[in-house]
Amino acid sequence: VAVVENFDQQMKAGVIGEARMSVRILRNEENLGNCASRNRAIAEAKSDVIVIVDADCMLNHSYLSEHFRAHAHGDCDAAIGPMNIETNGVPALSALARYEGDATLAAAGAAMQDRVNADHFVNCVTRNFSIGKRFVTDRLGGARFDNLFAYSSDPQSGFGWEDVEMGCRLYKAGARIRHLPTTFSIHVSHPSTTDERTKPLRSLKNFRRLHGKHPDLILLARQWSVSTYNAILG
C-alpha cells in the first residue's frame, strides 16, 4: 500500500513523467482471501481492461500499454504472457533491468503451464493476465474467480488453481486468448508464506476440485493435467 500511495503522490506532484491515472486503494475489513479480493476489485473497476497481478511481481516497462493495445483491436478477450520468472537472489530492479535489456530472456526464463501452446487457457495465471470487463459481464454472467478455490489461514482450505479454473471457463465461453510475448512478469523470490508441510495436500485438494468442476479438463488439457498431478505427488 505504501508503494502505491507514494506513486500516487509523485504522480500528482508531476515527478513521474506523463503518467496520469486515478488511483484507488480498496481495503477489506478482514482478510477475505485472494479470490474474494480480486472479485471485489473487478466489480468496482471502471476501466474496459482489467489487469490482475500478484503483489510480489514486477512488470516490464511496456506491460500495461501492450495489454491495453491487445484488447483495443476487438479480437482479444483475455491476454497472457511470460511469467514465473524468478529473481533468485538477484536484486529485484537489477533483475528487471537485465530482462528489459534482452528481449529473448523472458521467453527463455518463463515457466509456462503449457510450454507448447503459449495461448492455452492453462496459461491464464495471475502473474501475467488481463481480461476485458465486458467479457466478464456479458459472457461469464458476472462470474469471476471461484471463491471455493480461495486460500486462507483456515487449515481446511485448498491452495491454488483458481486462475486456471478461470481460464477454463474463459475457454468454454469462447474467449479469444492472446499471448503477448514481449510482456513479462518477474516474481521477486522470497521465503514461502505458506506452510510447506501442508501445501502439497492443499494443492491436491484444489486440483481435485478443479477436475470435479470441469471433468472434461482431462481431455482439454490432458498433458498438463497428468504432469501437474505427478508434480504435486512428487
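The legends below describe close-up views of a predicted model.

**View 1. Strand E5 and its two partners.** Strand E5, made of residues 129-132, pairs with strand E3, made of residues 78-80, in the antiparallel sense, and three bridges join the two. Within the view of these strands, Ile 80 stands opposite Phe 129 of E5. The pairing of E1 with E5 is also in the antiparallel sense, here over four bridges, and Val 51 has Ser 130 in E5 as its bridge partner.

**View 2. The side chains of strand E5.** In a regular strand, side chains alternate between the two faces of the sheet. Along E5, Phe 129 and Ile 131 point one way, whereas Ser 130 and Gly 132 point the other way, and all of these residues are buried.

**View 3. The second largest pocket and its lining.** The second largest pocket holds about 320 Å³ of space. Its lining is made up of 16 residues, and those that lie nearest the centre of the pocket are Asp 48, Cys 76, Gly 132, Lys 133 and Arg 134. Helix H3, residues 63-72, and helix H6, residues 133-138, each supply at least two residues of this lining, and with four residues H6 gives the most to it. Sorted by class, the lining of the second largest pocket comprises seven charged, five nonpolar and four polar residues.

**View 4. Cysteines without a disulfide.** The structure contains zero disulfides. Cys 35 takes part in none, and the nearest cysteine sulfur to it, that of Cys 124, is 15 Å away, whereas a disulfide would need the two sulfur atoms to be within 2.5 Å. Cys 35 is also buried, its relative accessible area being 0%. Cys 168 is likewise in no disulfide, and for this residue the nearest cysteine sulfur, again that of Cys 124, is 9.9 Å away. Cys 168 counts as buried because its relative accessibility is 0%, and the cut-off for a buried residue is under 20%.

Technical notes:
Residues numbered from 1 in each chain as written. Predicted model: local features only at pLDDT ≥ 70, side-chain atom pairs only at ≥ 80, totals over all residues. Heavy atoms only, no water. Buried < 20%, exposed > 50% of the residue type's maximum accessible area, 1.4 Å probe, protein only. Pairing = 2+ DSSP bridges. 1 Å grid on protein atoms, 1.4 Å probe; cavity = no way out; pocket = protein on both sides within 12 Å on 5 of 7 lines; lining within 4 Å. Points joined across faces, edges and corners; volume = space filled by probe spheres on them. Nonpolar A, V, L, I, M, F, W, Y, C, P; charged D, E, K, R; others polar.
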